[in-house]
Amino acid sequence: MIASVSGFRLLRVYIAILFCGFIAAPAHAQWFSNWFTDEESQVSINDAFINVYSGPGRGYPIFHVVERDEIITLLKSRTTWIKIKTRRGLVGWIKREDMQFTLALDGSKPEFPDNTQADYLVDRFELGGAYGDFAGADSLTLNLGYRFTKNLSAELRFADNTGQFSDSRIMGGAVLFQPFPDWRVSPFFSVGAGKIKTFPSSTLVQTEDREDNLLQASLGTYVHLTGRLFLRAEYVNHYVLTSRNTNEEVNEWKLGFSVFF
Amino acid sequence: METWFQRIFLIALLTGLATGVANAQENSGQGDDELEQIITPDIKRRTIKEDDLDSEDFEIGAFIGLLSVEDFGTNNVQGLTLSYHITEDFFVEAAYGISKVEKTSYELLSGGVELLTDDQREISYYNLALGYNFLHGQVYISDKWSFNNHFYIMLGGGNTEFAAKDYFTTSLGAGLRFYATDWLALDISTRGHSFEHELFGESKRVTNLETRLGFSLFF
């Protein structure tokens, strides 16, 4: 019992590493290319002035303004803020939305598109976490997805269910179909399959760990909150193909968040 | 005869002119190049795209601290965090920590009784939390030296593995983040990890307090 639990601890560490690598990968590609190129992005101010903040947040003080025709260097970005450097070497942060009041040195408008929900529909990775009620047990799900087309995505799911009488872990894959991806509240359904490993509580005697195959069908909806953040609510029907005479059916409610990259 | 001479002179003149013009063109071409070489490095003619900017929305951190496990004493805890900043206000944080527990007072007083084996005295947890940053500001170390800082609160869920069993755990946390530079942050915070166990026969909800000191890097 204990041995198998620590075996799964290894798996858990593995999932954590996978998780780190997965979400960092798309960001890293950019990071590396910037690391090796030494080109500076410079823009000039095309408005009366732009406020410069001491940090990447509206709560930080405005300690400087850059005026019309002043040339600034763009250093990096964090959330909706851009770190800049003036010609005199002063460093601060400006709002991303203020980029519309700047011009590139060749006179063109800098391309800072407003990301809308539609921008997260194709060619995107999805990372999500959800809390659920798995037949009385508390469940935590991590899902990693990739969206191939506007309507279709594939995902990997890892779930940890902790209950009073037994714990279980689910690992599986699923295909997810979203008929109306442009809607703010956009329903989806998915089918998947995987494995469930059940560990009955050690205080109950004469129990064994079991591993069974599992089919999943789910119905749910994404709700676009802001930028790349989506709320995801889901109703999952798990069909456990047990080695006993009867198969087991478990219904689960899940609520969580998803971020698209 | 005269026309012949005229022709010869004209041809000579024309070739001379042609080569002269050609030379002149070459020379002026060289002159332009030199001018461009002087001017161009100053003004880079290129469009600016957001994708060219390095975005630093991820944060990876390590922490050490003290974890007090109800009935089981207080011990060192260490762990790792990975955060993603969604907006300036909201972020998600995944954390993993390990610690161990002491003997309960009952075990100490009774002498030989051991409730848990050594392996079962190891405790580890993970959780995923949504956090909210607030009260951004600057602290002044001296007249000229200032640093950014802000407070945050967070709420999350996860699992605690303790005594060879998993317990669903809710975590509540708050802390102060102090930025040494904009990519290096110092974190001073507390967490309360709450779960229900039946190790003593009856179901009991415990809240384990944790105090942390951590560093994190933005990338």
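1. S5(B) and strand S6 (residues 146-162) of chain B pair in the antiparallel sense over 16 bridges. Here strands (E, at least two residues) are DSSP runs numbered from the N terminus, and two strands pair if DSSP finds at least two bridges between them. S5(B) and S6(B) form a hairpin, with five residues between them. B:Leu128 stands opposite B:Gly157 in S6(B).

2. On provenance: this is a predicted model, in which local features need pLDDT of at least 70, side-chain atom pairs count only at pLDDT 80 or more, and totals for chains, interfaces and linings use all residues. Residues are numbered from 1 along each chain as its sequence is written, while chains are lettered from A and ligands numbered from 1 in the order in which they are written.

3. S5 (residues 122-140) of chain B also pairs with strand S4 (residues 90-100) of chain B. These two run antiparallel, joined by eleven bridges. B:Val92 has B:Leu130 as its bridge partner in S5(B).

4. B:Val92 deserves a look. Leaving aside neighbours within four places in sequence, B:Val92 is in contact (C-beta atoms, placed from the backbone, within 7 Å) with B:Ser83, B:Tyr84, B:Ile86, B:Leu128, B:Ala129 and B:Leu130.

5. Which residues touch the most other members of the largest nonpolar core? They are A:Val259, B:Tyr84, B:Ile86, B:Phe91 and B:Val92, out of 22 residues. Such a core is a set of buried Ala, Val, Leu, Ile, Met, Phe, Trp, Tyr and Cys residues joined through C-beta atoms within 7 Å; buried means 20 or more other C-beta atoms within 10 Å of the residue's own. Strand S15 (248-260) of chain A and S3, S4, S5 and S6 of chain B each supply at least two residues of this core. S4(B) gives the most, with five. Apart from this core lies another, of 17 residues, including A:Val43, A:Ile45, A:Ile50 and A:Trp93.

6. Now the interface. 43 residues of chain B are in contact with 54 residues of chain A. On the chain B side, the elements giving two or more residues are S1 (54-55), S3 (74-85), S4, S5, S6 and S7 (165-181). That side divides into 15 nonpolar, eleven polar and 17 charged residues.

7. Strand pairing also crosses between the chains: strand S4 (residues 71-78) of chain A and S1(B) pair in the parallel sense over two bridges. The bridge partner of A:Lys76 in S1(B) is B:Asp54.

8. Chain A is divided into domain 1 (40-104) and domain 2 (119-260), with bounds from an automatic or database domain assignment. Their centres, taken over C-alpha atoms, are separated by 43 Å.

Methods: Helices (H or I, at least four residues) and strands (E, at least two) are DSSP runs, numbered from the N terminus. Two residues are in contact if their C-beta atoms, placed from the backbone, lie within 7 Å. Ala, Val, Leu, Ile, Met, Phe, Trp, Tyr, Cys and Pro count as nonpolar, Asp, Glu, Lys and Arg as charged, and the others, Gly among them, as polar. A residue is buried if 20 or more other C-beta atoms lie within 10 Å of its own, exposed if 12 or fewer, and partly exposed in between; C-beta atoms are placed from the backbone.
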